[in-house]
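Please read the points below alongside the model.

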Amino acid sequence: MSAQPEEPPEELVPRPDLAFPSLRAALARVAPARLPEMLADRDVQFTRATESGSFEPIKGFQLKWATVIEMKRRRDLDQRMEAAQHIIHTLDRDAPEWRAAMDEVRNVYNEARRAVTGG
């Protein structure tokens, strides 16, 4: 008996490239309420890049928002994150389920980051 192929995750939008217009368009589709936050972050990071003469703040900005979008565009990751955050915000920090939920938040974030970076 052969194993059934794993279903690909449901994606609300295709994964955007790291160019700012692509990230902004994807975020507008999956989490439009976060656009002002993204734009404010862009201003801060581009200013840091200018002041430091380094592209590192811009690369960090791109990676951060690509990861945020990845978590929102994939239904499986979004549902896992929402469930974990619900537990975090409703249980006492001493509850074992709270720690497990914090671990799940980290796991979801790391899975999204690996998907974005290809690693």
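**Note on the predicted model**

1. Asp103 is partly exposed, at a relative accessible area of 26%. Partly exposed is the range between buried, under 20% relative accessible area, and exposed, over 50%, using a 1.4 Å probe and protein chains only. Asp103 belongs to helix 5. Its C-alpha atom is separated by 8.7 Å from that of Ala84, 19 residues apart along the chain.

2. Basis of the values: this is a predicted model, in which local features need pLDDT of at least 70 and side-chain atom pairs count only at pLDDT 80 or more, while totals for chains, interfaces and linings use all residues. Residues are numbered from 1 along each chain as its sequence is written, and side-chain values use heavy atoms, with hydrogens and water left out.

3. The protein chain has five helices and zero strands, in the order α-α-α-α-α along the sequence. Helices (H or I, at least four residues) and strands (E, at least two) are DSSP runs numbered from the N terminus. Along the principal axes, the C-alpha atoms fill a box of roughly 55 × 45 × 25 Å.

4. Of the 119 residues in the protein chain, 30% are buried. The chain exposes about 7800 Å², with 54% supplied by carbon and sulfur atoms; accessible areas come from the Shrake-Rupley method with a 1.4 Å probe, and for residues only the protein chains shown count as cover. Among contacts (heavy atoms within 4.5 Å) with a separation of 6 or more, 57% come from residues 24 or more positions apart.

5. On charge, there are 18 positive and 20 negative side chains, and the centres of the two sets lie 4 Å apart. Lys and Arg count as positive and Asp and Glu as negative, with His and the chain ends not counted. Each charge is placed at NZ of Lys, CZ of Arg, CG of Asp or CD of Glu.

6. Buried residues of helix 3 include Phe61, Trp65, Ile69, Glu70 and Arg73. The buried residues of this helix pack against helix 1 (20-30), helix 2 (35-52), helix 4 (75-90) and helix 5 (96-117).

7. The largest nonpolar core has 15 residues, of which Leu23, Leu27, Val30, Met38, Phe61, Trp65 and Ile69 touch the most other members. Helix 1, helix 2 and helix 3 each supply at least two residues of this core. A nonpolar core is a set of buried Ala, Val, Leu, Ile, Met, Phe, Trp, Tyr and Cys residues joined through side-chain atoms within 4.5 Å. Not counting residues up to four places away in sequence, Ile69 touches Pro16, Leu23, Ala26, Leu27 and Val30.

8. Asp41 is in helix 2 and counts as buried, because its relative accessibility is 13%. Leaving out residues up to four places away in sequence, Asp41 touches Phe61, Lys64 and Trp65.

9. Asp76, in helix 4, is partly exposed at 27% relative accessibility.
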